[in-house]
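Here's a quick walk through one model, written for someone who likes to check the geometry. Have the coordinates open and follow along.

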Amino acid sequence: MNLCRVLLVDDEAMILEGYQKVFDWKQYQCEIVGTAMDGEEAVIKAGELQPDIVIMDINLPKLNGLEAIREIQNQAEEGCQIYVVVVTGYDDFSYCREALRLRVSDFILKPIDFESFVPVIRGLVEKVMSNPRRRLSVSGTLGKIITCMEENLEEKNVSLTLLAEQMEMNPAYISQLFKKELGIGYHAYLNEMRVERAKKYLTESDESVTVIAEKVGFGDYRVFTKVFKSIVGETPSQFRKR
């Protein structure tokens, strides 16, 4: 199974342990590859382990979280983005502003509500898996299938059967590839691709939700809204306002 690599950073051992026990990382295609308890250790571990996602507290000894994030991003391999989620007990705009300047992916206050944590992780996993450089770790066959799906996202009926015919493959074989290499079913992956494309339209255009639903392959905007909320944790309209 092709899992996203996650590095956890916090100066409290109980919090690090809680992350690993309370949240089912494998259910969301993730694995914990390491932990760190100060900013300097976080930078070293990130260089050694090359995580896809870093969950990091800001208030760290030796090197604060913002400085550590800057170092981690500077040492990341070209074309392979490391997504950082800042977790802190401080509700301070200056922290948020600096975090945004560092291209932090999200900003979450302690204590963490793990229900709201789910859409954050889901969204980052989708970004990691859709990175062309990341795709070097999936088979050439699956890479071709994913490319074909991306090119036909606007089609309402990108069914597994039709895709199999187009790729001249067995539908069951394609389904097994997704489960084996990505740990997710074909239709679930298709929905996540469509939602990710929709998020781009919602952010960059003024088109209505109904039009965007059509553009990403949903004939019924109500179905689109339901699927979008199940993946992102909020409706398309709420996402656009935020």
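## Sheet, helices and a few cysteines

Let's start with helix α3, residues 65-75: it lies across β3 and β4 (83-88), running at about 160 degrees to β3. Keep in mind throughout that this is a predicted model.

Helix α2, residues 39-49, lies across β1, β2 and β3, and its angle to β2 is about 140 degrees.

Now for the sheet itself. It is open and built from 5 strands, with parallel pairing and the order β2-β1-β3-β4-β5. The edges belong to β2 (30-36) and β5 (106-109); each has a single partner strand, so one side of each is left without a neighbour in the sheet. From one strand to the next, the twist averages 20 degrees.

Next up is a helix pair. Two packed helices are described by the angle between their axes and the distance between the axes. For α5 (residues 114-130) and α9 (residues 186-204), the axes come within 10 Å and cross at roughly 95 degrees. That falls in the 65 to 115 range, so α5 is roughly perpendicular to α9.

Who touches whom there? On the α5 side you'll find Gly 123, Glu 126, Lys 127 and Met 129, and they meet Tyr 189, Glu 192, Met 193, Glu 196 and Lys 199 in α9. By type, the residues of this contact split into 3 nonpolar, 1 polar and 5 charged.

Lys 199 deserves a click of its own. This residue of helix α9 counts as buried, because its relative accessibility is 13%, which is under the 20% cut-off. Setting aside neighbours within four places in sequence, Lys 199 is in contact with Gly 123, Phe 228, Val 232 and Phe 239.

| Residue | Relative accessible area | Class |
|---|---|---|
| Cys 30 | 1% | buried |
| Cys 148 | 7% | buried |
| Lys 199 | 13% | buried |

How many disulfides does a search of the whole structure find? The count is 0. Cys 30 shows why for its own case: the closest cysteine sulfur, in Cys 4, is 4.9 Å from the sulfur of Cys 30, too far for a bond. The cut-off for a disulfide is 2.5 Å.

Notes: Residues numbered from 1 in each chain as written. Predicted model: local features only at pLDDT ≥ 70, side-chain atom pairs only at ≥ 80, totals over all residues. Heavy atoms only, no water. Axes fitted to C-alpha atoms, helices over the stretch in contact; angles between N-to-C directions. Helix = DSSP H or I, 4+ residues; strand = E, 2+ residues; numbered from the N terminus. Parallel < 35°, antiparallel > 145°, perpendicular 65-115°, else oblique. Contact = heavy atoms within 4.5 Å. Nonpolar A, V, L, I, M, F, W, Y, C, P; charged D, E, K, R; others polar. Buried < 20%, exposed > 50% of the residue type's maximum accessible area, 1.4 Å probe, protein only. Pairing = 2+ DSSP bridges.
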